[in-house]
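Trainee: Could you take me through the aromatic side chains of this model in one close look, and then show me what surrounds them?

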Amino acid sequence: MPVIRKSNKLINVCYDIRGPVLQEAKRLEEEGHRILKLNIGNPAPWGFEAPEEIVQDVIHNLPSAQGYCDSKGLFSARKAVMQETQRKGIRNVTIEDIYIGNGVSELIVMAMQGLLNDTDEMLIPSPDYPLWTAAVSLAGGNPIHYVCDEQADWFPDIEDMRSKITERTKGIVVINPNNPTGALYPLELLQQIIDLAREHDLILFADEIYDKILFDGHEHTSLASLADDVLCLTFNGLSKTYRAAGFRSGWVIVSGPKHIARDYIEGLDMLASMRLCANVPAQHAIQTALGGYQSINELTVPGGRLYDQMDSAWRLINEIPGVSCVRPKAAMYLFPKLDPQMYPIHNDEKMVLDLLQQQKVLVVQGSGFNMMDTQHFRVVFLPRQDELEDAIQRLADFLRLYRQ
């Protein structure tokens with residue numbers, strides 16, 4: 001019989017956060033090994049549960065959530081998101097400018113499929129959240145990665161970004177707060193990105209899913225709040241701030257000069273209708289989440305569990321010889337660098353696979369985030385303090401043997 005092969009559209013698509021190393025971790029678990037999983041930003045397994053009032057609202061509304069809703073989402077959910085845009089200073093957003101999706105992931109794919117033709121280009125940060133690169137490739141476009149400078153707190157290099165704009169460039173993806181680096185971009189940098197988009201008539205795609213997970217007194221500015229004359233799509237959801245990743249409830253907001261994007265918006269409407277609607281029960285969580293008590297604020301200050309785990313993990317990792325890590329200002333990740341003189345790693349996927357097999361610790365290699373070198377890896381600091389300390393000690397033991 002002939003071999004059945006995957007579509008050619010998937011040739012350049014990868015998502016190593018759930019890639020081959022994770023498959024090996026599952027195999028080891030089936031053999032009875034306990035794996036310390038520092039690979040994915042999934043709050044619930046580590047005891048970060050969604051606020052009870054959000055869960056209760058979903059339960060209460062289950063009887064009325066059995067049918068399809070409007071393809072863009074429930075009115076109450078979109079109204080709550082609209083009010084959130086007003087709080088953030090994003091102007092002139094109506095109910096019809098908001099799409100609810102099955103998580104931000106679905107909406108990113110929709111946004112790229114609705115826009116890109118073959119050979120169109122999209123500027124994406126390096127390192128990035130890899131779904132952005134995958135979604136561009138799947139839509140037939142070419143992901144073009146601009147440099148984020150580790151020596152400058154992982155801020156985007158504006159001149160590198162500028163040098164990569166061509167007549168085929170359609171837009172710029174800005175992940176702020178950033179996954180995987182934990183960087184948070186200042187006002188002046190955001191304004192430079194907007195100026196670049198304005199100069200070249202580009203669309204801005206602002207991934208702001210970690211906008212309320214902020215440390216050390218830092219504040220987040222929404223990109224779309226800084227310009228009314230540049231088309232911007234802003235993505236957010238319940239998965240991280242509200243610890244409800246399994247609800248798969250996110251949204252995208254279209255703002256700026258929407259009159260020049262009527263055809264694109266028609267395409268988004270079509271794609272939204274084709275999937276009928278997003279998960280209706282989970283949409284009932286949005287109004288309560290955005291309008292209720294913001295319990296995330298308790299977790300991200302000194303004495304809060306998330307802050308203390310970040311601070312401890314960051315200090316412990318920097319104590320390992322030959323390992324350095326920029327302190328994250330936001331999100332839930334560390335992105336350490338290995339000194340290439342001490343650790344001449346040529347294949348970072350093999351390195352994290354060796355770590356998994358030898359120490360039963362699961363992290364993600366930097367190249368999985370479209371990083372240009374092989375010296376980085378991402379660590380999630382969601383596990384409890386004792387588990388983080390255990391995992392980082394195992395990492396230190398592995399690296400000590402590695403450099404010998």
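**Aromatic rings and their surroundings**

Mentor: Let's start with Trp154, which is buried, as its relative accessible area is 1%. Phe335 is buried too, with a relative accessible area of 1%. Here buried means under 20% relative accessible area, exposed means over 50%, and partly exposed is in between, using a 1.4 Å probe and protein chains only. Keep in mind that this is a predicted model: local features need pLDDT of at least 70, side-chain atom pairs count only at pLDDT 80 or more, and totals for chains, interfaces and linings use all residues. Residues are numbered from 1 along each chain as its sequence is written, and side-chain values use heavy atoms, without hydrogens or water.

The structure holds 8 aromatic pairs. Rings of Phe, Tyr and Trp (its six-membered ring) pair if their centres lie within 6.5 Å; planes under 30 degrees apart are stacked, over 60 edge-to-face, and the rest tilted. In one of the pairs, the ring centres of Trp132 and Phe235 are 5.4 Å apart and the planes stand at 85°, so the pair is edge-to-face. This pair links distant parts of the chain, since Trp132 is in helix H5 (residues 130-138) and Phe235 in strand S8, 103 residues apart. Helices (H or I, at least four residues) and strands (E, at least two) are DSSP runs, numbered from the N terminus. Trp132 and Phe235 are both buried, and ring pairs join Trp132, Phe205 and Phe235 into a cluster.

Back to Trp154 and Phe335: their ring centres are 5.6 Å apart with planes at 65°, so this pair is edge-to-face. Trp154 lies in the loop between strands S4 (142-149) and S5 (155-156), and Phe335 in the loop between strands S11 (333-334) and S12 (337-338), so the pair ties together parts 181 residues apart in sequence.

Some rings also carry a charge over the face, which requires NZ of Lys or CZ of Arg within 6 Å of the ring centre and within 35 degrees of the ring normal. The charged end of Arg305 sits over the ring of Phe48, 3.9 Å from its centre, and Arg327 lies over the face of Trp314 at 4.8 Å from the ring centre.

Two strands pair if DSSP finds at least two bridges between them; S2 and S9 pair in the antiparallel sense over 4 bridges, with Ile98 bridged to Ile253 in S9.

On a 1 Å grid over the protein atoms alone, a cavity is a set of points where a 1.4 Å probe fits but cannot get out, and lining residues have an atom within 4 Å of a point. The volume of the largest cavity is about 100 Å³, and of its 14 lining residues, those closest to its centre are Glu84, Lys88, Asp211, Asn236 and Trp251.

How values were computed: 1 Å grid on protein atoms, 1.4 Å probe; cavity = no way out; pocket = protein on both sides within 12 Å on 5 of 7 lines; lining within 4 Å. Points joined across faces, edges and corners; volume = space filled by probe spheres on them.
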